Amino acid sequence: TAAQALGYKQILESSAGEPAKDLADRIVAATNRFARRQESWFTSDPRVEWFDASAPDLARRLIEFFRPSAAG
């Protein structure tokens, strides 16, 4: 449910006097745990192709990956 979504869950569980920084830290920690679980899951899937988001030729590589005939 939406109440279990990252961020919402931490907000709903927070107390009225909890400092915003503590709440933000809990949301960041939960998000990092989620990202690590996703990375672990997808790394083991041989169908997943990883792309370097900082690569200067990223757009060209993505186009070539999804439309091989556009590579020329």
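Lys-21 and Asp-25 are joined by a salt bridge in this predicted model, with 3.2 Å between the closest N and O atoms. Both residues belong to helix α2 (residues 20–43), where a spacing of four residues places them about one turn of the helix apart. The pair is one of five salt bridges found in a search of the whole structure. Side chains of opposite charge can pair when their charged atoms come close.

**Exposure of the Lys-21 and Asp-25 pair**
- Lys-21 has a relative accessibility of 56% and therefore counts as exposed, the threshold for that class being over 50%.
- Asp-25, at 38% relative accessibility, counts as partly exposed.

**Glu-18 and Arg-26**
- A salt bridge links Glu-18 to Arg-26, and their closest N and O atoms lie 3.1 Å apart.
- Arg-26 is classed as partly exposed because its relative accessibility is 30%.

**Asp-45 and Arg-47**
- Asp-45 and Arg-47 form a salt bridge through their side chains, with an N to O distance of 2.6 Å.
- Asp-45 is buried, since its relative accessible area is 16% and the buried class covers values under 20%.
- Arg-47, by contrast, is exposed, with a relative accessible area of 71%.

Key:
Residues are numbered from 1 along each chain as its sequence is written. This is a predicted model: local features need pLDDT of at least 70, side-chain atom pairs count only at pLDDT 80 or more; totals for chains, interfaces and linings use all residues. Side-chain values use heavy atoms; hydrogens and water are left out. A salt bridge is a side-chain nitrogen of Lys or Arg within 4 Å of a carboxyl oxygen of Asp or Glu. Buried means under 20% relative accessible area, exposed over 50%, partly exposed in between (1.4 Å probe, protein chains only). Helices (H or I, at least four residues) and strands (E, at least two) are DSSP runs, numbered from the N terminus.
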